Every structure is written in C-alpha cells, then in structure tokens.
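Good morning, colleagues. Please look at the structure on the screen while I speak about its strands and its aromatic rings.

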Amino acid sequence: MAVPVPHITSTHARRFRDEGFLLVEGALPPNDLEILRGECQRFVDERDREMTHLGVDTLDLCHRGRRYFVHAYGKSPAVERFLFSDLMAQSAQAALGDSVYLCNEQFVVKAAERGMAFGWHQDSGFIPYPHPPYLTCWIPLDDVTEANGTIHLLPYPRAGTRDVVEHRRDEKTNDLIGYFGDDPGEAVIAPAGSLVCFSSTLFHRAGPNATDHPRRVYIAQYSAEPLLNEDGSRPRHLAEPLLIAGRRAGGPEAVPL
C-alpha cells in the first residue's frame, strides 16, 4: 500500500473547486527540495555550456544569466521519482479526480535584479483550441515574496469566470493578457518547498525579481486525460499516466482523500 501523505486534505480540494487553487506551505520533504535545487542548477549549467558551444547568449526561451526554462523529464531519474511521488499523486487527485496524467514539467529561473513581470493570463489561454482544463503545480525552490517576483492568483469569484477567455497580445511586452481589471489578486508569500496547485483556467501573474538572489521554481503539470494536439493525433507534450481509475499506474492503490 502507498504511504499516506497528510498534506492534502478535503479542505484543500474544496478550495480548489471553489476558488481554482490550493496552497500547502512547506509541503515538500527537505530531501526532495534539495534534489530539485541540485537538478535545477545542473540543467542551468548544461544550458550555459550549450550556449557557449554555439556561441550564443540566447537559446529558445533561455537568456544567459537572466532567465531559464529547462526540462528534466527523461534526463533525471530523481526528478521523475518526485513527479510520480505520493505527494504529487495525492495533490493531482485532489484537483483532477481519479485519472491523472503528467503532461509537462520545467524549471523556471528568474535571475537576480532582472526579469520582466508577466501579465494576467490563464495557462489555457495559450492553447488556441478546445481542451480539458489541466493542473499546474508551482513549487518555489526559494522563499517567494513580492520582491522576488512571486505569483499573484485571482480566485474564480473575483475574476467573475472560470471559463477560458480570449487573450490579447500586449504590444509592449508581447505577453498574452486575458484580465484587464484592477483586482491585484492574492500574492503567494510562502517558504521554499511549498506547493501551489491551480487550474489552467485560473488567472495569475508574476512580478519582476528585484532582489539580489535568483528566484527558482519547479513546475509540474497534470491533466485528467491526455492533453492532445489540435487534430487529436498525438499528445501536445507528455501523456504519462500517474493514476488510472484511482489506482497508481503500474503501482499501488492511490492514496484516498
């Protein structure tokens, strides 16, 4: 039997249903936090070496010394164990139900005293065709505050919708923006190793990092069914089963809520 993980409760699940997100401070065991920090640095160093080899300072969305978006799946057994851990299984089950697939993951690093703000958007606003809502698990590897560019969340009742809305491109930043009201949202002020889970239909934004330390985050995304491309022929990213009908895929029974 799976070892129970006491962090996620029915209260958390209810808040996710009502407001679109849940927050558990200090959810990660210290060893998992240190593993993610170490792997984050390893992949950032690898990306820097790759840019040096190519003679560039920008590669895909990464800018040397400024910001990094790097993936670990398929390259880090330690990170993969975390992605399929009891904690992530129970968190995803609380939000999505008894069938859960890993659909994407990445480290996001915002360098010290650099990095632009990111405007109000829904993650589903970036997929230009109908699709089932999915779950983003946002895990800070450093203490997060407004000073270092934490995220702000706009609960469903305050946004006035839980549907995906049309986003417009901001001419100054090139960001896609979907909310134009004056509600500042709720800032996530939390210690490293906390777990923030929110729906792909929840509006959120992030500020710049104005501190002298980088802000590192690990993001894992899960869906209740494989998230497919527009013609339905293949997965958009990943489609790795974590839970099927309430049971761990290829493993022990899922932890009941």
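This is a predicted model: local features need pLDDT of at least 70, side-chain atom pairs count only at pLDDT 80 or more; totals for chains, interfaces and linings use all residues.

Let us begin with strand E5, which spans residues 100–110. Strand E5 is mostly covered, with 11 of its 11 residues buried. Which strands pair with E5? One of them is strand E4, residues 67–70, which pairs with E5 in the antiparallel sense over four bridges. Within that pairing, Phe107 of E5 is the bridge partner of Val70. Strand E14, residues 215–223, also runs antiparallel to E5, and nine bridges join the two. Here Val108 stands opposite Val217 in E14. Strand E15, residues 240–244, is joined to E5 by three bridges, again antiparallel. In this case Val100 faces Leu243 in E15.

I turn now to another group of strands. Four strands form an open sheet, and their order is E6-E13-E8-E11, with antiparallel pairing. Which strands lie at the edges? They are strand E6, residues 118–121, and E11, each of which pairs on one side only. Strand E8, residues 151–154, pairs with E11 through two bridges in the antiparallel sense. His152 stands opposite Ala187 in E11.

That brings me to the aromatic rings. The model has five aromatic pairs. One of these is formed by Tyr179 and Phe203, whose ring centres are 5.8 Å apart and whose planes make an angle of 45°, a tilted arrangement. Are the two residues buried or exposed? Both Tyr179 and Phe203 are buried.

Phe43, Phe82, Phe107 and Tyr218 form one aromatic cluster.

Finally, I come to charges placed over rings. The charged end of Arg42 sits over the ring of Phe43, at 4.4 Å from its centre. Phe43 is also one of the members of the aromatic cluster. Elsewhere, the ring of Phe180 has the charged end of Arg168 over it, 4.2 Å from the ring centre.

Thank you for your attention.

How values were computed. Residues are numbered from 1 along each chain as its sequence is written. Side-chain values use heavy atoms; hydrogens and water are left out. Rings of Phe, Tyr and Trp (its six-membered ring) pair if their centres lie within 6.5 Å; planes under 30 degrees apart count as stacked, over 60 as edge-to-face and the rest as tilted. Buried means under 20% relative accessible area, exposed over 50%, partly exposed in between (1.4 Å probe, protein chains only). A charge sits over a ring if NZ of Lys or CZ of Arg is within 6 Å of the ring centre and within 35 degrees of the ring normal. Two strands pair if DSSP finds at least two bridges between them.
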